Amino acid sequence: MRKIVFTFLLIAMVLALKSQNTTSRLSMVSEGETLFFNFNSFEKYRNGMSLSTIATVYFIDTTNVGVQTALLWELDVKASTANIVGDYGNTLPLSTIEIEVSGNDVTALYNGPLALTNVDNVHLVQNGAQTPGSFTTLTLTYHVGTTTPLLGEKPDYYFVDILYTLQPQ
């Protein structure tokens, strides 16, 4: 038994000495996963309403330690379905929701407000630049019913999943 354990430890030590701990990761962290829009007044039905959340984009790169190379990134957005679906079978067009983004990255091109679609490659942010260890704070603002009024729509509990894709350019 001692020989097996010793051999295992020896192999683990050799692998630890030969392996390199290199990673490169671009990530986005958001403060909230679910937003509720409660249209409980005539004013909200007529003019719509807006809510904002904060998200942080960060880049970790240990592949070139000591070399600060910027990574250009883009943030895409789309809905998972063709319509906003209600619990009672009613639907609203995706264009009922518009998404706008702002942030502290001066090189980024912020597009919007953009009407929500279920089409791939709708660029909410382009040319975002991250150096390793840096953070970009984004404010995502959702406008519901501001361009496409909700007056005359059937009351329901509507929901839609919004998918964000953060990727290098």
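## Strands and their pairing

Two strands pair if DSSP finds at least two bridges between them, and strands here (E, at least two residues), like helices (H or I, at least four), are DSSP runs numbered from the N terminus. This is a predicted model, in which local features need pLDDT of at least 70 and side-chain atom pairs count only at pLDDT 80 or more, while totals for chains, interfaces and linings use all residues. Residues are numbered from 1 along each chain as its sequence is written, and side-chain values use heavy atoms, with hydrogens and water left out.

Strand 9 (residues 123-130) pairs with strand 3 (residues 71-79) in the antiparallel sense over five bridges, and within strand 9 the residue opposite W73 is G128. Strand 9 also pairs with strand 7 (residues 109-110), again in the antiparallel sense, over two bridges, where L109 has Q126 as its bridge partner.

## The overall fold

The protein has two helices and 12 strands, and from the N terminus on its elements run α-β-α-β-β-β-β-β-β-β-β-β-β-β. Of its 169 residues, 27% count as buried, that is, under 20% relative accessible area with a 1.4 Å probe and protein chains only.

Among the contacts (heavy atoms within 4.5 Å) with a separation of 6 or more, 76% join residues 24 or more positions apart.

## The lining of the largest pocket

A pocket is an open set of points on a 1 Å grid over the protein atoms alone, where a 1.4 Å probe fits, with protein on both sides within 12 Å along at least five of seven lines; lining residues have an atom within 4 Å of a point. The largest pocket is lined by 33 residues, and L35, F36, F37, Y158 and F159 lie nearest its centre.

Note on methods: Buried < 20%, exposed > 50% of the residue type's maximum accessible area, 1.4 Å probe, protein only.
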